[in-house]
Amino acid sequence: MNAPLKRVAVACLVMFALLMINVNYLQAVRADGLRSDSRNVRNFYARYEVERGRITAGDKVLAESVDTGDNQFRFQRRYPGGKVYAPITGFFAPESERDMEAAENKLLNGSSPDLLVRRGLDLISGERTKGASVDLTINPKAQEAAYRALSASGKKGALVAIEPKTGAILAMVSVPTYDPNTLVGPDKDTVNKAYGKLDKNEDKPVIDRAVERSYPPGSTFKVVTLAAYLESDDSVTPQTEVDAPQVLDLPNTSADLPNYGGAACGSGRVTLTFALERSCNTPFAKIAMNLGYDALKEQAEKFGIGGDPLKIPMDVAGSGIGPEEDKAALAQTSIGQRSNQMTPLQMAMVAAGIANNGVVMKPYLVNKIADAEGGEIDAANPTELSTAMSEENAAKLKEMMVSVVNNGTANAAQIPGVTVGGKTGTAETARGKAPHAWFISFAPAEDPKIALALIVESGSAGDDASGGHTAAPIAKSVMEAVLGG
Amino acid sequence: MSTPSAELVPLPAKRRVAQLVMLAFAIVIVMGAYANVGLAIDGRVPAGMLTYGLGLGGFMLAAYLVLAKFAPWADPLILPLVTLVNGLGLVMIYRLEQAKMGGASATNQLVWTGAGVVLFSVTLIVLRDHRALQRLTYTAGAVGLILLVSPLTPFLGKEINGARIWIGIGGASLQPAEFAKLALVVFFAGYLVAKRDVLALAGRRLLFIDLPRARDLGPVLITWGFSLAVLVVQKDLGSSLLIFGTFIAMLYIATQRTSWVLIGILLFVGGAILAGMIFSHVQDRFTVYLHPQDPALYDKVGGSFQLLQGLFAMGQGGVIGTGLGQGHPKLIPLAFSDFIFPATGEELGLTGLMALLMVYALIVERGLRTSIAARDPFSKLLAGGLSFILAWQVFIIVGGVTNLIPLTGLVTPFMSQGGSALLANWILIALLVRMSDSARKPPPQAIQDEGMTQVFQR
């Protein structure tokens with residue numbers, strides 16, 4: 001009977017082999033699919049099992065996981081920074097996450113390959129895996145000053161402040177905003193209801209206006225047009241005189257391009273410095289028409305406009321000066337109208353690039369990443385994005401922007417004892433509607449520590465909102481917060 | 001056969017020390033697993049670790065001593081391997097109990113393990129020569145049948161989870177099919193030894209196959225009909241498949257005729273199709289097997305929810321598992337009984353399951369080795385049948401919960417919570433140990449040297 005017994009033994013072997021192959025197939029090949037199946041509630045539980053890393057800004061904790069002692073939903077997220085930091089931290093809801101919580105999710109929840117060594121040690125010691133903490137470049141004083149100033153009297157808008165020499169983002173505010181603490185509980189229904197309410201709000205509080213929305217930049221864009229002009233001819237200086245008619249006839253159209261409020265610009269022939277100080281429209285439109293679309297586009301690209309989409313690490317919406325049309329369109333584009341659309345972050349990069357002697361640094365929010373034991377995993381490495389203009393030309397532009405604050409439309413941004421450079425913008429949205437108020441600036445001009453861009457949205461600060469009156473004072477308080485500390 | 005000479009038959013080593021070391025090793029692994037569960041759940045070594053670990057260790061030491069005394073030549077690996085599987089089952093049940101899963105009780109399972117070891121010892125002590133069972137062939141057959149149909153008796157039988165396979169005695173529930181399978185294997189072995197010549201030789205050749213005589217088909221048809229009856233009346237797909245498959249395998253071992261296997265498979269397929277046409281629950285199982293991820297089936301009562309939860313658990317475990325106490329095996333319905341395998345897969349991962357399957361395969365292999373080494377046909381058939389039924393049961397339940405084959409409810413031997421199965425399987429192991437002892441025991445030596453035996457060169 002040994003021969004059939006041996007065959008039965010082989011049959012048993014085959015049965016076990018089949019079981020083993022199938023187990024391998026399930027747990028190695030199909031594992032990811034099974035894990036991510038929406039009916040697998042383990043994903044949902046797993047979100048509350050890991051002590052997620054903290055999000056900090058220096059000593060200030062912006063997001064942390066609290067041990068609730070609950071069996072099923074042990075760790076829950078808290079945002080001590082609340083509304084002020086919501087556009088940065090985002091939130092960690094039962095079924096989704098947003099902004100920093102989403103962008104650095106794998107590090108925060110400890111599943112990133114960068115934490116492999118740590119996880120290996122935890123496995124041996126039986127420790128629960130903890131997520132890495134993410135330290136941000138945010139300066140809490142600047143952030144809070146910006147939030148206070150922007151949210152006062154129900155304004156809507158956004159502000160981004162950058163350290164020009166590194167690209168580190170010092171402040172990023174968007175108002176109106178939301179309290180992420182309302183979206184963190186493990187009860188899906190409550191959270192979905194709260195989120196639904198935010199989502200239906202027509203002010204879109206969940207949107208981070210600083211990087212997810214673009215607006216016509218208005219007169220702040222004149223610095224880009226001016227940069228293109230300076231770069232096109234080395235003999236151009238702040239004192240170079242240009243034509244500045246009261247009204248510019250736009251070729252091939254019946255339309256004209258007036259100055260702001262239809263006012264005259266000096267005597268009709270002014271220095272570049274004067275044109276920028278007064279924010280005259282006609283000289284810049286004329287310059288742009290002479291330079292042509294390609295030169296303007298090229299200069300814009302050197303500031304990072306219309307290039308590869310940025311990640312800070314959240315995705316940044318694209319900016320662009322619009323497609324090439326006729327000369328009339330180009331004239332409007334050159335003063336930040338027409339199809340010209342910029343995110344506040346992009347305009348902050350323009351200001352920072354000028355302040356940093358023409359070199360635009362890649363903006364970033366994450367300063368460093370440390371594992372649960374404090375060991376550093378990654379640290380920010382400032383990188384150049386592009387060179388927007390030569391050092392000499394950048395110096396000339398800086399000088400003119402300083403003059404705008406000292407003698408021009410932006411005198412509300414003056415800080416005693418500090419050389420501030422800036423440019424206001426008052427962007428038309430639609431006929432009969434209040435304009436957007438813009439301001440871009442940097443300080444101190446000799447050794448820039450901060451560059452920023454801010455926008456106060458149409459209608460939220462009165463019908464006569466302007467860059468100089470509405471936006472510049474907000475910028476001043478933020479710059480003071482950074483420079484004072 | 002050549003004449004054995006003293007040199008050609010070396011004394012097999014008893015390997016008692018090796019067995020003791022392996023046993024200790026198994027207990028250490030189980031205690032480590034207990035500690036792991038406690039550390040993961042509340043950060044400290046559970047107080048029960050010593051109770052459970054030493055309890056299990058004590059039982060196994062007793063089993064070892066009985067084995068050393070009453071079956072000294074027995075295979076040294078069988079007991080440690082079974083201890084390991086039984087211990088891991090205990091840990092998983094303990095872990096599920098800690099997660100407050102209703103129905104999971106590690107203490108009960110430990111008590112049943114103790115009872116299993118008692119039955120193991122009693123079997124070894126009472127049954128000095130397993131060939132005594134051959135005389136009980138028809139008694140065993142009758143006992144098996146009665147046990148199998150006992151759940152149908154009014155008042156005694158109980159229906160749990162849709163299958164009428166339980167009898168209640170006092171407050172306890174027993175699953176008589178587990179004992180019936182032992183009795184039936186004894187019956188098959190005795191019956192086939194008696195009839196094997198007729199079944200093997202009579203018949204005529206058709207094409208490539210030796211067909212048996214029509215009247216010899218009787219026993220096969222009776223077993224087949226009986227299996228179908230179990231399926232129909234008790235809705236117990238698992239036991240039906242288990243018994244019929246084992247009968248066919250033993251028939252093949254006894255007769256060495258492939259035709260029996262083919263006839264068996266044909267009958268099985270026919271029966272399955274028939275059952276599928278008549279009974280909706282058989283058909284449902286098959287649909288679930290084909291489309292486990294279909295959302296409609298998932299939501300249906302008796303649909304793929306449980307199977308898919310098991311698959312999710314295994315997917316979540318991945319290659320190295322979540323770690324004991326760190327997964328959610330509680331989410332799988334019946335994770336402590338039928339679905340203990342996927343539950344283990346979630347926490348110990350592919351690595352753990354491969355090791356577990358390897359241990360089962362080793363137990364089966366030791367059993368089959370015993371069968372090959374056995375000296376008489378009855379022992380060969382009985383050991384072969386018992387080993388096969390163990391492998392077949394693991395295949396049916398593990399294959400079922402991993403969606404390799406349609407799911408039929410059976411316990412995972414030694415792991416699933418449940419007294420009957422544990423007791424029956426410990427008796428099964430005692431029988432294998434008894435047979436391996438007699439197979440490995442050196443044959444009686446000649447009292448006086450009869451001089452050199454001529455060995456022919458071939």
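Q: Which residue of β17(A) does Ala158(A) stand opposite?
A: Ile455(A). Keep in mind that this is a predicted model.

Q: How do β5(A) and β17(A) pair, and over how many bridges?
A: Antiparallel, over 6 bridges. β17 of chain A covers residues 450–456.

Q: What other strand is joined to β5(A) by bridges, and how many are there?
A: Strand β6 of chain A, residues 169–175. There are 6 bridges, and the two strands run antiparallel. Within that pairing, Ala161(A) faces Ala171(A) of β6(A).

Q: What lies between β5(A) and β6(A)?
A: 6 residues, and the two strands form a hairpin. Look at Gly167(A) in the turn: its phi is positive, about 95°.

Q: Is β5(A) buried or exposed?
A: Buried. Strand β5 spans residues 157–162 of chain A, and 6 of its 6 residues are buried, so the strand is largely enclosed by the rest of the structure.

Q: Which way do its residues point?
A: Gly157(A), Leu159(A) and Ala161(A) point one way from β5(A). Ala158(A), Val160(A) and Ile162(A) point the other way. All of them are buried.

Q: Switching topic. What is the strand order in the 6-stranded open sheet of chain A?
A: β3-β2-β1-β4-β12-β13, with mixed pairing. The twist averages 20° from one strand to the next.

Q: Which strands stand at the edges?
A: β3 (75–78) and β13 (376–379) of chain A. Each has a single partner strand, so one side of each lacks a neighbour in the sheet.

Q: And what holds paired strands together, in general?
A: Backbone hydrogen bonds, with the strands either parallel or antiparallel.

Q: In what sense do β12(A) and β13(A) pair?
A: Antiparallel, over 3 bridges. β12 of chain A is residues 366–370. Ala370(A) has Glu376(A) in β13(A) as its bridge partner.

Q: Now the other chain. How many residues of chain A are in contact with chain B?
A: 30 residues of chain A, against 39 residues of chain B.

Q: Which helices of chain A each supply at least two residues to that side?
A: α1 (2–29), α2 (31–36) and α3 (42–46). α1(A) gives the most, with 18 residues.

Q: How do the residues on that side of chain A divide into nonpolar, polar and charged?
A: The side touching chain B has 19 nonpolar, 6 polar and 5 charged residues.

Methods. Residues are numbered from 1 along each chain as its sequence is written. Chains are lettered from A and ligands numbered from 1 in the order in which they are written. This is a predicted model: local features need pLDDT of at least 70, side-chain atom pairs count only at pLDDT 80 or more; totals for chains, interfaces and linings use all residues. Two residues are in contact if their C-beta atoms, placed from the backbone, lie within 7 Å. Helices (H or I, at least four residues) and strands (E, at least two) are DSSP runs, numbered from the N terminus. Ala, Val, Leu, Ile, Met, Phe, Trp, Tyr, Cys and Pro count as nonpolar, Asp, Glu, Lys and Arg as charged, and the others, Gly among them, as polar. Two strands pair if DSSP finds at least two bridges between them. Axes are lines fitted to C-alpha atoms, for helices over the stretch in contact, and angles run from 0 to 180 degrees between N-to-C directions. A residue is buried if 20 or more other C-beta atoms lie within 10 Å of its own, exposed if 12 or fewer, and partly exposed in between; C-beta atoms are placed from the backbone.
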